[in-house]
Amino acid sequence: MIKLMKYLKKSAGYVVLIIGLLFLQAYCDLSLPDYTSKVINVGIQQGGIPDGVPEKMRQSTMENLQIFMDEDTQKEVQDSYVLKGGITGDKREELNDLLCKPLMMYTSFTSGSEESQKMLSQMQVPEGTDPMQVLSAMPEDAKKQMLEAADEKLSDMPESILTQAAVSGVKTEYEAMGEDSDAIQMNYIRTSGIQMVLMALVIMLAAVSVTFLSARVAAALGHDLRDNVYRKVIHFSSNEYHKFSTASLI
């Protein structure tokens, strides 16, 4: 086998290309199930909202979220939204970690549910009062204690639950801004579907290219081996010809 490798020198570029295409094909094959799960988890269950990072939000919401953040987090979140385009990559993951808990707490206080009413009554907030105004007017020490207690309670929760709660908060914010939640969901599903189709096309093209290039390399290798054998045989001496039968020489 090692001796045969030297005959592949002419096709070294094709061999490297074939290996690269095989890696690309394997990557796309392994990525397709992930896209399928995203269509179900994000597109259907989460309404097309991938995480707890709003693409945009009202200034009042930003100010309310900052009630549940320390100074460093406030600055980082503010910098991420001021005069910035789309938030992607590692920055989005980092921002999701920073916003999940504040969004969950903000949604809990403003949802109007029985649980939120119970929390507000325990804090002796008068009924009909804006809870955000009360929280913003709290002394810093009291606010710090409240945030530490909430953070301790939320730290035991799985990250997926926090993200789901934050997604609910983002969806509520979009609806408050007049965004069409159905359009957001359909746009995500459509985009993911197009990406899956393109990935399937890449897999198909890679498979066809690998087959074609492999056949070409194999044909070139076979041609070179037959040519070398033929040239070797015709240079035999008369004595060597008598050592082999006609069938063996053929």
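With which residue does Asp 34 form a salt bridge? The partner is Lys 38, and the closest N and O atoms of the two are 3.6 Å apart. By salt bridge I mean a side-chain nitrogen of Lys or Arg within 4 Å of a carboxyl oxygen of Asp or Glu.

Before I continue, a word on the basis: this is a predicted model, in which local features need pLDDT of at least 70 and side-chain atom pairs count only at pLDDT 80 or more, while totals for chains, interfaces and linings use all residues. Residues are numbered from 1 along each chain as its sequence is written, and side-chain values use heavy atoms, with hydrogens and water left out.

Let us return to the first pair. Both Asp 34 and Lys 38 belong to helix H2, four residues apart, which is about one turn of the helix. Helices here are DSSP runs of H or I with at least four residues, numbered from the N terminus. Asp 34 is partly exposed at a relative accessible area of 38%, and Lys 38 is partly exposed at 36%. For these terms, buried is under 20% relative accessible area, exposed is over 50%, and partly exposed is in between, with a 1.4 Å probe and protein chains only. Lys 38 also lies over the face of Tyr 35, at 5.7 Å from the ring centre; the criterion is NZ of Lys or CZ of Arg within 6 Å of the ring centre and within 35 degrees of the ring normal.

In total, the structure holds nine salt bridges. One of them joins Asp 224 to Lys 10, with the closest N and O atoms 3.9 Å apart. This pair links distant parts of the chain, 214 residues apart: Asp 224 is in helix H10 (residues 181-234), and Lys 10 is in the loop between helix H1 (2-5) and helix H2 (12-45). Asp 224 counts as buried at 15% relative accessibility, whereas Lys 10 is exposed at 71%.

Another salt bridge runs between Glu 76 and Lys 91, at 3.8 Å between the closest N and O atoms. Glu 76 lies in helix H4 (residues 71-81) and Lys 91 in helix H5 (residues 89-110), so the pair ties together parts that are 15 residues apart in sequence. Glu 76 is partly exposed, at 25%, and so is Lys 91, at 35%.

Leaving out residues up to four places away in sequence, Leu 99 touches Gly 52, Val 53, Pro 54, Leu 65, Met 69, Val 77 and Tyr 81, contact being heavy atoms within 4.5 Å.

Methods:
Helix = DSSP H or I, 4+ residues; strand = E, 2+ residues; numbered from the N terminus.
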